[in-house]
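Please take me through this structure in a viewer, one selection at a time. I would like to know what to select next and what is to be found there.

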Amino acid sequence: MRLPRLLVAAGLISLCGFGATPALAVGVAAGTSIDNTAQVTYTVGSVSATATSNTTSVTVAEILDVVVTLQTPSVPVIAGSTQQEMLYRVTNTGNGPETFHLQMTSTLGGDEFDPVAASPSIYFDTDGSGDLSPGDAPYVAGSNDPVLNADAFVTVLLVNDIPAAVVDGNRGFSRLLADARTGTGAPGTTFAGQGAGGTDAVVGTTGADSDATGQYLVAGVAVNAVKSQTVADQFGGTRPVPGARINYTIIVSATGTGSASASVFSDNIPANTTYVPGTLRLNSAVLSDAADADAGDFSTLPNARVRVQLGTLTQASGSQTIQFAVTIN
Amino acid sequence: MINQTLKFVVAVALFAAGFATQASAESQGCIAVKTTAEVEKDVVNDKGQKTKVLVPAGKVIPGTEVVWTVTANNACSQPSQNVTINNPVPEHMTLVPNSAIGPGSTVTYSMDGKTFAAADRLTVQENGVSRQARAEELKYIRWELKGSLQPGASAFGRFRAVLN
């Protein structure tokens with residue numbers, strides 16, 4: 001008895017696999033009719049018969065749900081910059097097509113400054129670039145409210161200007177709110193007949209509205225260079241006479257929370273002096289005078305100068321020490 | 001006397017023929033089947049207690065548990081035997097485990113509509129291992145009435161399923 005059952009079960013693998021696959025994220029589509037018909041077989045005396053029931057149907061109501069998620073955790077900005085964007089995603093987590101209202105708020109508590117809404121301040125990331133570009137369409141409430149099918153999303157950019165009077169480390173919050181146009185409210189609130197295809201619309205667990213808040217972080221960086229010199233004359237003293245050598249030391253450091261990318265130190269050789277070949281150093285390491293793989297070079301055109309590529313500098317990089325020497329003509 | 005006997009035989013023959021015809025017609029329409037869909041609703045009764053009542057399900061949202069009831073009523077004057085109610089789990093719905101009940105009935109389930117057995121006796125081969133079928137894999141329910149269904153009596157089967 002056990003063997004036949006196993007064989008029967010084995011024959012069902014494909015069927016079961018199919019049944020397990022369509023795990024819909026949002027549930028059955030709004031407006032779908034769920035039908036049920038039962039059948040009864042019986043015998044009266046020696047005559048067998050079959051009876052079929054009415055078909056009972058229930059209609060799937062529309063769930064109103066939306067989720068707003070921030071795509072850019074923290075946007076580094078500098079004081080006074082304009083058109084700074086944050087990226088959000090608005091997803092219809094209900095089970096039917098729905099139109100959503102969008103709204104931006106930048107006057108929020110808990111931060112150090114209020115970003116100033118640009119005009120317009122909400123854009124669709126039409127070209128999918130993830131940042132504000134000429135092809136992106138501005139959002140106009142009531143005119144091009146996004147219509148999203150179940151499980152579909154739209155990417156939205158919030159655009160703000162940064163006030164001039166902010167300092168390094170200040171944060172400014174901006175929030176995107178999306179709500180279902182059919183209505184919002186406590187989960188379970190029903191809008192009779194207002195769902196997809198005339199079914200009821202029922203507010204889901206999100207309350208049919210959702211928001212997410214992003215932040216602008218003022219991340220300034222200041223790069224300072226402090227230059228010092230020592231003189232050694234050919235007589236063992238420190239007098240700056242012709243033929244004396246001047247050793248320069250420049251200490252470059254970055255302060256602030258931002259980063260200075262592609263930093264380059266460049267210093268002209270002073271008039272009436274001559275660069276001493278082979279004396280360029282970065283953090284005590286010798287850099288060849290040729291423009292080659294190492295970070296430094298010396299050139300005479302258009303004028304004599306030394307140059308050191310410092311790359312990206314942050315406060316954490318620490319100070320960079322550059323040295324070179326010249327002789328007085 | 002011979003006439004009398006003949007008449008009687010004819011009468012019996014006519015009666016028998018009439019009976020057979022009637023039984024056939026009646027057995028076709030003896031049992032009326034009806035299905036309903038309901039959902040549980042929390043209400044407060046007149047004693048101020050919270051209780052649940054079943055109300056007709058019209059429009060439901062995914063995640064809702066629907067109570068499906070099949071009623072078979074014997075409208076004939078003879079009892080019906082071997083009364084078996086068959087009901088597939090509606091499409092887009094998942095059976096609530098062990099939710100099928102039916103007074104006086106043996107309840108069995110099936111994944112394919114052919115092999116019926118108790119839920120814990122249905123197995124699936126997965127990666128070479130046999131495991132018990134899960135509730136969402138049970139697609140058909142069968143209620144077999146143990147006794148006969150008497151004239152005017154009703155049998156019912158009920159199950160719960162959640163809208164996917």
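**First selection: a sheet in chain B**

Begin with strand β1 (residues 31-44) of chain B and strand β4 (residues 65-74) of chain B, which run antiparallel and are joined by eight bridges. The model shown is a predicted one. Within this pair, B:Ala32 stands opposite B:Asn73 in β4(B).

β1(B) and β2(B) form a hairpin, with five residues between them. Select B:Gly48 in the turn of this hairpin, where phi is positive at about 80 degrees.

β6(B) and β11(B) pair in the antiparallel sense over three bridges. One pair to display is B:Thr94 with its bridge partner B:Val162 in β11(B).

Move to B:His92, in the loop between β5 (81-88) and β6 (93-95) of chain B. This residue is not a glycine, yet B:His92 has a positive phi of about 70 degrees. Most residues other than glycine have a negative phi, and most peptide bonds are trans. Is B:His92 buried or exposed? B:His92 is buried, because 20 other C-beta atoms lie within 10 Å.

**Third selection: where the two chains meet**

Next, display both chains together. The contact between them involves 42 residues of chain A and 49 residues of chain B. On chain A, the elements that give two or more residues to the side touching chain B are α1 (2-10), α2 (13-20), β1 (33-44) and β2 (47-60). Which of these elements gives the most? It is β1(A), with eleven residues. Coloured by class, the side of chain A that touches chain B shows 23 nonpolar, 16 polar and three charged residues.

Within this region, select β2(A) and strand β3 (residues 59-60) of chain B. Two bridges join these strands, which run parallel. A:Val60 has B:Val60 in β3(B) as its bridge partner. For the complex, the predictor gives an ipTM of 0.79 and a pTM of 0.68.

Among contacts in chain A between residues at least 6 apart in sequence, 73% join residues at least 24 apart.

- Select A:Ser119 and A:Pro120, which are joined by a cis peptide bond with an omega of about -5 degrees. A:Pro120 is in strand β8 (residues 116-124) of chain A.
- Select A:Leu301 and A:Pro302, where a cis peptide bond again has an omega of about -5 degrees. A:Pro302 is found in the loop between β21 (296-299) and β22 (305-314) of chain A.
- Select A:Asp151, in the loop between β9 (147-148) and β10 (153-161) of chain A. Phi of A:Asp151 is positive, near 75 degrees, although the residue is not a glycine. A:Asp151 counts as partly exposed because it has 14 C-beta neighbours inside 10 Å.

The average for chain B is 85, and 83% of the residues score at least 70. Where is confidence lowest, and where is it highest? In chain B it is lowest in helix α1 (residues 2-28), at a mean of 42, and highest in strand β10 (residues 140-145), at 97. Over residues 1-27 of chain B the pLDDT is below 50, and this stretch has nine contacts in the model beyond near neighbours in sequence. Where pLDDT is low, the predicted coordinates should not be read in detail.

Methods:
Residues are numbered from 1 along each chain as its sequence is written. Chains are lettered from A and ligands numbered from 1 in the order in which they are written. This is a predicted model: local features need pLDDT of at least 70, side-chain atom pairs count only at pLDDT 80 or more; totals for chains, interfaces and linings use all residues. Two residues are in contact if their C-beta atoms, placed from the backbone, lie within 7 Å. Helices (H or I, at least four residues) and strands (E, at least two) are DSSP runs, numbered from the N terminus. Ala, Val, Leu, Ile, Met, Phe, Trp, Tyr, Cys and Pro count as nonpolar, Asp, Glu, Lys and Arg as charged, and the others, Gly among them, as polar. Two strands pair if DSSP finds at least two bridges between them. A residue is buried if 20 or more other C-beta atoms lie within 10 Å of its own, exposed if 12 or fewer, and partly exposed in between; C-beta atoms are placed from the backbone. pLDDT is the predictor's confidence in each residue, from 0 to 100.
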